[in-house]
Amino acid sequence: LTTFEINKERVDAVAHNRLKKNDWKILSIICDRPTTTNKEIADLVFLSVEGVRSCFKKMYDLFELTTFSRNKRLDLVIRVMEISENASGNEPVTSFN
């Protein structure tokens, strides 16, 4: 199992340098383990569960994840991976052709 490494420079550029230390920690956790609960994340980054939710809401807005998907967290992971893997951050990571 390989660990995904976030390209902070590219991701930060897309997020307009608005990600804080806790946001980066949360992104790192969910990119490694997308099924981690908000409670588990809160314990790992020393925030309240509401603080974690607030970070997610901000990141959903920054990365323009505006759909009402039940899998928004997974959408965020995919978006961060797309940005990290591609110079423009616009091309998809994988093609399903």
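**Entry 1. Starting point, Met59.** I began at Met59, which is found in helix H4. Before going further I noted that this is a predicted model, in which local features need pLDDT of at least 70, side-chain atom pairs count only at pLDDT 80 or more, and totals for chains, interfaces and linings use all residues. I also noted that residues are numbered from 1 along each chain as its sequence is written, and that side-chain values use heavy atoms, with hydrogens and water left out.

I looked up the accessibility of Met59 and found it buried, because its relative accessibility is 0%. Here buried means under 20% relative accessible area, exposed means over 50%, and partly exposed lies in between, with a 1.4 Å probe and protein chains only. I then listed what Met59 touches, leaving out residues up to four places away in sequence: Leu19, Asp23, Ile26, Leu27 and Leu76. Contact means heavy atoms within 4.5 Å. For Leu27, I also recorded that its C-alpha atom is separated by 9.2 Å from that of Met59, although the two residues are 32 apart along the chain.

**Entry 2. The chain as a whole.** I counted 5 helices and 0 strands. Helices are DSSP runs of H or I with at least four residues, strands are runs of E with at least two, and both are numbered from the N terminus. Along the sequence the pattern reads α-α-α-α-α. Of the 97 residues in the chain, 39% are buried. I also noted that, among contacts between residues at least 6 apart in sequence, 50% join residues at least 24 apart.

**Entry 3. The nonpolar core.** I looked up the largest nonpolar core and found 26 residues in it. Such a core is a set of buried Ala, Val, Leu, Ile, Met, Phe, Trp, Tyr and Cys residues joined through side-chain atoms within 4.5 Å. The residues with the most contacts inside it are Leu19, Leu27, Phe56, Met59, Phe63 and Leu76. The elements giving two or more residues to this core are H2, H3, H4 and helix H5 (72–85).

Not counting residues up to four places away in sequence, Leu19 touches Val11, Asp12, Trp24, Leu27, Met59, Leu62 and Phe63.

**Entry 4. H3 against H4.** I compared the axes of helix H3 (residues 38–45) and helix H4 (residues 49–62), which come within 8 Å and cross at roughly 100°. H3 is therefore roughly perpendicular to H4. Axes are lines fitted to C-alpha atoms, for helices over the stretch in contact, and angles run from 0 to 180 degrees between N-to-C directions. Angles under 35 degrees count as roughly parallel, over 145 as roughly antiparallel, 65 to 115 as roughly perpendicular, and the rest as oblique.

The contact is made by Asn38, Lys39, Ile41 and Ala42 of H3 with Val49, Val52, Arg53 and Phe56 of H4. By class I recorded 5 nonpolar, 1 polar and 2 charged residues in this contact. Ala, Val, Leu, Ile, Met, Phe, Trp, Tyr, Cys and Pro count as nonpolar, Asp, Glu, Lys and Arg as charged, and the others, Gly among them, as polar.

**Entry 5. H4 against H5.** I found H4 and H5 packed at an angle of about 55°, with their axes 11 Å apart. That angle makes H4 oblique to H5. In H4, Phe56, Met59 and Tyr60 meet Lys72, Arg73 and Leu76 of H5. The residues of this contact divide into 4 nonpolar, no polar and 2 charged.

**Entry 6. H2 against H3.** The axes of H2 and H3 come within 10 Å and cross at roughly 130°, so H2 is oblique to H3. I listed Asn22, Lys25, Ile26, Ile29 and Ile30 in H2 as meeting Ile41, Leu44 and Val45 in H3. The classes here are 6 nonpolar, 1 polar and 1 charged.

Entry 7. I looked up Thr36, in the loop between helix H2 (21–32) and H3. Thr36 counts as buried because its relative accessibility is 5%. Leaving aside neighbours within four places in sequence, Thr36 is in contact with Ile29, Ile41 and Arg73.

I then turned to His16, placed in the loop between helix H1 (8–14) and H2. Its phi is near 55°, a positive value in a residue other than glycine. His16 is exposed, with a relative accessible area of 58%.

Lastly I checked Glu64, in the loop between H4 and H5. Phi of Glu64 is near 55°, a positive value in a residue other than glycine. Glu64 is exposed, with a relative accessible area of 66%.
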